[in-house]
Amino acid sequence: MPDFKDQTVLITGGSRGLGKAMSLGFAQQGATVIIASRKQDSCAALADEITQQGGKAIGIAANIGKTDDIDALVSQIKTRCGRVDLLINNAGTNIALGPLTDLTPEQFDKMYQVNLRGPWYLASQIAPMMAASGGGSIINILSVAAMRPPAFNGFYAATKSGLESMTKVMAQEWAEDNIRVNAIAPGPYRSDLVDSSIAAIPGFEEGMRNSTLLKRIAETEEILKPVFYLATDGNITGITLIADGGLTAH
Ligand SMILES: NC(=O)c1ccc[n+]([C@@H]2O[C@H](COP(=O)([O-])OP(=O)(O)OC[C@H]3O[C@@H](n4cnc5c(N)ncnc54)[C@H](OP(=O)(O)O)[C@@H]3O)[C@@H](O)[C@H]2O)c1
């Protein structure tokens with residue numbers, strides 16, 4: 001297993017789902033984890049759990065859709081930690097399921113603010129800190145919807161494919177500062193986000209299973225392995241690693 005001792009890892013949406021699995025996983029591998037989700041209670045509760053297990057973590061509430069929150073988050077990180085070695089732009093939302101003709105400009109703005117503007121703005125604040133400390137790594141969490149955009153999921157697919165483009169631009173612009181920038185495009189895995197779609201949409205679970213070659217919805221921890229891979233490799237930048245059980249292979 002990789003060793004992240006002496007590294008500080010900032011995980012947005014780090015309190016639940018994949019974010020929680022990454023917070024626990026990086027802490028177990030020795031990192032100091034900064035958990036940044038909207039609810040301070042959830043961030044603090046997970047940070048306490050990690051600390052009680054002998055790990056190092058702090059929780060700082062921030063809504064990634066709000067630039068003021070990101071400014072405050074970065075300011076607190078500078079004061080309390082001084083550095084970030086790995087940023088994982090994981091927080092994402094999908095509040096706009098439905099036909100394009102029914103969706104609203106307000107839903108569009110919210111989706112763009114959380115899924116694309118926030119990850120860009122946060123990375124743009126963190127990259128100069130990384131450059132000042134000799135480099136770092138950024139991982140943007142996309143979705144296979146970026147490369148296989150499904151009907152009735154237009155804003156989600158568009159924001160995730162926008163983040164894939166942004167990943168490549170970040171990789172080009174920050175390589176000279178020794179900052180690697182990559183993305184992971186998961187297929188369906190167990191989380192609150194997917195469970196709420198399963199509860200709301202008849203046939204969603206079966207459809208998700210059958211969309212993959214492996215005919216199953218992955219466990220959250222399975223996505224952790226590709227995250228560790230991109231976080232440790234020294235030579236890979238500008239790629240999207242697809243972890244989708246074969247969804248995009250057919
Ligand atoms: N689940 C899947 O099958 C799947 C597949 C492909 C890609 N993804 C992507 O993977 C990422 C994680 O998804 P998940 O399914 O693990 O999510 P999840 O279980 O719904 O958890 C979302 C996390 O993000 C936080 N969050 C939500 N909105 C936020 C905001 N505006 N600012 C800051 N934090 C916010 C939540 O905490 P608070 O409520 O406290 O803010 C929570 O910690 C997302 O980018 C998603 O698009 C998921």
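**Ligand contacts and helix packing**

Modeller: A nitrogen atom of the ligand lies 2.9 Å from a polar backbone atom of Ile64. A polar contact is a pair of N or O atoms within 3.5 Å; within protein, one must be able to donate a hydrogen and the other to accept it, and residues adjacent in sequence count only if both atoms are side-chain atoms. The model is predicted, so local features need pLDDT of at least 70 and side-chain atom pairs count only at pLDDT 80 or more, while totals for chains, interfaces and linings use all residues. Residues are numbered from 1 along each chain as its sequence is written, and side-chain values use heavy atoms, with hydrogens and water left out.

Colleague: Which residues around the ligand come nearest?

Modeller: A residue is near a molecule if one of its heavy atoms lies within 4 Å of it. Of the 28 residues around the ligand, the nearest are Arg16, Arg38, Asn90, Tyr156 and Ser191.

Colleague: How does one describe two packed helices?

Modeller: One gives the angle between their axes and the distance between the axes. Axes are lines fitted to C-alpha atoms, for helices over the stretch in contact, and angles run from 0 to 180 degrees between N-to-C directions. Helices are DSSP runs (H or I, at least four residues), numbered from the N terminus. For helix α4 (residues 105–132) and helix α5 (residues 154–174), the angle is about 15° and the axes are 9 Å apart. The pair is therefore roughly parallel, a word for angles under 35 degrees; over 145 is roughly antiparallel, 65 to 115 roughly perpendicular and the rest oblique.

Colleague: How many residues of the contact of α4 with α5 are nonpolar, polar and charged?

Modeller: Contact means heavy atoms within 4.5 Å. Among the residues that meet are Trp120 in α4 and Tyr156 in α5. The contact divides into 15 nonpolar, 5 polar and 1 charged; Ala, Val, Leu, Ile, Met, Phe, Trp, Tyr, Cys and Pro count as nonpolar, Asp, Glu, Lys and Arg as charged, and the others, Gly among them, as polar.

Colleague: At what angle do helix α3 and α4 pack?

Modeller: Helix α3 (residues 67–80) packs on α4 at about 25°, with axes 10 Å apart. These two are therefore roughly parallel to each other.

Colleague: And at what angle do α1 and α8 pack?

Modeller: Helix α1 (residues 17–28) and helix α8 (residues 220–232) pack at about 55°, their axes 9 Å apart. That makes α1 oblique to α8.
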